[in-house]
Protein chains: 2
Amino acid sequence: MATIKDVAREAGLTVGTVSRVLNNRGYISQATRDKVYEVMKQLNYQPNEVARSLSKQKNNTIGVIVPHIVHPYFAKLISNLEKAASDCQYKILLCNSREERERELEYLDMLKSNRVAGLVLCSGTVKTEALAALGIPVITIERIAGSGTASVECDNYQGGILAAEELIRCGCKSIINFGGVEKNEMPADDREAGFLDTCKKHGVTGTSWKSEENEYYTMEYHEYIEKMLKENPKTDGIFASSDLIAAQVLQVCAKLGIKVPDQMQVVGFDDVNISSLTTPPITTIHQPVAEMAKTAIELVIRSNQGELVPTKTVLPVNLVKRGTTV
Amino acid sequence: MATIKDVAREAGLTVGTVSRVLNNRGYISQATRDKVYEVMKQLNYQPNEVARSLSKQKNNTIGVIVPHIVHPYFAKLISNLEKAASDCQYKILLCNSREERERELEYLDMLKSNRVAGLVLCSGTVKTEALAALGIPVITIERIAGSGTASVECDNYQGGILAAEELIRCGCKSIINFGGVEKNEMPADDREAGFLDTCKKHGVTGTSWKSEENEYYTMEYHEYIEKMLKENPKTDGIFASSDLIAAQVLQVCAKLGIKVPDQMQVVGFDDVNISSLTTPPITTIHQPVAEMAKTAIELVIRSNQGELVPTKTVLPVNLVKRGTTV
């Protein structure tokens, strides 16, 4: 295999000059640069990223920890994180914590050992101290991780307002917010607050049901939704905290003979692909996942370069009207 | 930051002994091993994976190239690859080629530079020679990449048979297979063959429609499905080559006032989460994605260790009956 010495000899340059070209350091004429790349190609020389990363004590890899890859929200988020990173010549090391504290700590150790440029954390069991001890930038998405980290969120409170307003506009009198995980405190909890405040403001009966952690992991809410609808027969509108839940609301309504949107209005959250694949397709709150991913990656890179970055960035949401509201 | 020398001094051992413990090489007593780990913990010593990887000229990272992260099939596949890798103490470097040859080649270069242990390739534009030149194990999933690689597939032909048999059992007389990408040759094309052979065997009219590449990337098939149904008004059964397409078939049928499953029977393929989230949920062919992912990761690791591995592994499929067939 060709080495940097072979490239230097063949190009008639010093190893130092070739190294400066590879590392994009100091002044190098375009002619020299072209010559080096030409010879590299001739000799099929592969700069050893591992060695370069060691000499620089950092690399162009960003760790991403999510709790759940197959959940449509995280699938969309990962896809957008990969794109944003790739656009900046960074790579993604993907870790699935399954929201288990032990696994998350193992991954943190592993990422530190691998000298990643930073971490995008979308899973939230680890305490602040453990993250601060990492000594690398940590950007959270839709999670609360505490001091020393920077968070990227969508405007969850506004999302709750928009959902409630849409249901009220459709004439609903008794509406329920369904979702949120009982145990974990998350920015998404603000959806409930925005929803309840808006119901109160308009004098509409609004209540909120939380789900169990187990339902979040199995992505299975049918039984819970059916129980809720049977116990609250006057319900004429539902704000589901994810499109995944909203799709299951449609299935339960079909089972119980409740027509959507004639007898029941439904608004989801996220705007992931499921929302446009159900019959009828789901009216939902669009979460700007592409922009959130891009922001998180930029914050990692800027923070890694020593810049001071905002500790909280909130991006706007909007209502996407489809077929589950009139 | 503590170094290996600090660990050796504190433990009263030589650097060589500590290194042997870290690399699990040579005979080391359990007492020595315990001592080293105890001191590492005391000093908060992090073995530098980058340096270790350099000294070993390989590492415990596996590259994964997919064409499309957010497609529900690939989301499920990535999730399972990450799990299988993590179970073997390997990490995933995730790359999204968008099936663009240029991007794919860039990623291959990058992965080679990073001395990955191997590659799981689920994207298929690169020619055999480029892969052979990599000098690392390449395992494909549901792709044809040619000599020097090993493939993992599900039994696509059998899937086509099972889908056709289910539609015929439901009394369908004129059935259509919808899906497959016109341009790319893929193992999934065998679904069509199994389907057509079975129709012929049972004397049922079976035809096949291919989609355009653009539809695969935008995941948008409505217009095409509507055209097909209008041009073939006698159609009473559809075998969609993915659950994503099947979900859109349900939407188009609703739009055209065709009742599923009373007037139209539908069978999907993949068994991804969408298939259980539509109304009615989709009868589909289960692709054993978890087992396929586990097999691919094991083949990478075994091949990387110099073992001879099977060049083709085919895993069985089965019919999952839900609500779109009677």
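Predicted model: local features only at pLDDT ≥ 70, side-chain atom pairs only at ≥ 80, totals over all residues.
## Exercises on a two-chain model

B:Pro261 lies in the loop between α12 (243-256) and β9 (265-270) of chain B.

**Exercise 1. Peptide bonds and backbone angles in chain B**

Find what kind of peptide bond joins B:Val260 and B:Pro261, then what kind runs from B:Thr279 to B:Pro280, and state what sets the phi of B:Gln89 apart.

Solution. 
- Step 1. Read omega between B:Val260 and B:Pro261: the value is about 5°, and the bond is cis.
- Step 2. Do likewise from B:Thr279 to B:Pro280, where omega is near -10° and the bond is again cis. B:Pro280 belongs to the loop between β9 and β10 (283-286) of chain B.
- Step 3. Turn to B:Gln89, in the loop between α5 (72-87) and β2 of chain B. Phi is positive here, about 65°, although B:Gln89 is not a glycine.

**Exercise 2. How the chains are related**

What rotation and what shift superpose chain A on chain B?

Solution. 
- Step 1. A rotation of 180° with a shift of 0.1 Å along its axis brings chain A onto chain B, with an RMSD of 0.2 Å.
- Step 2. That is how a two-fold axis relates two copies.
- Step 3. Both copies use the same surface, since 100% of the contact residues of chain A recur in chain B.

**Exercise 3. The side of chain A that touches chain B**

Solution. 
- Step 1. Count the residues: 37 of chain A are in contact with 37 of chain B.
- Step 2. List the elements of chain A that each give at least two residues to this side: α4 (49-56), α5 (72-87), β2 (91-96), α6 (101-113) and α12 (243-256).

**Exercise 4. Helix α1(A) against helix α3(A)**

At what angle do the axes of α1(A) and α3(A) cross, and which residues of the two helices meet?

Solution. 
- Step 1. Two packed helices are described by the angle and the distance between their axes.
- Step 2. For α1(A) (residues 4-11) and α3(A) (residues 30-42) the axes come within 9 Å and cross at roughly 120°. α1(A) is therefore oblique to α3(A).
- Step 3. The hand of the crossing of α1(A) past α3(A) is right.
- Step 4. From α1(A), A:Val7, A:Glu10 and A:Ala11 meet A:Lys35, A:Val36, A:Val39 and A:Met40 of α3(A). By class the contact has five nonpolar, no polar and two charged residues.

**Exercise 5. Helix α8(A) against helix α9(A)**

Is the crossing of α8(A) and α9(A) right-handed or left-handed, and how many residues of each class does their contact have?

Solution. 
- Step 1. The axes of α8(A) (residues 156-169) and α9(A) (residues 189-202) come within 6 Å and cross at roughly 40°, which means that α8(A) is oblique to α9(A).
- Step 2. The crossing of α8(A) and α9(A) is right-handed.
- Step 3. Residues making the contact include A:Tyr157, A:Ile161, A:Ala164 and A:Ile168 of α8(A), and A:Arg191, A:Phe195, A:Cys199 and A:His202 of α9(A).
- Step 4. By class, the contact of α8(A) with α9(A) has eight nonpolar, seven polar and four charged residues.

Technical notes. Residues numbered from 1 in each chain as written. Chains lettered and ligands numbered in written order. Least-squares fit on C-alpha atoms with pLDDT ≥ 70 in both. Contact = placed C-beta atoms within 7 Å. Helix = DSSP H or I, 4+ residues; strand = E, 2+ residues; numbered from the N terminus. Axes fitted to C-alpha atoms, helices over the stretch in contact; angles between N-to-C directions. Parallel < 35°, antiparallel > 145°, perpendicular 65-115°, else oblique. Left-handed = near helix turned anticlockwise from the far one by under 90°. Nonpolar A, V, L, I, M, F, W, Y, C, P; charged D, E, K, R; others polar.
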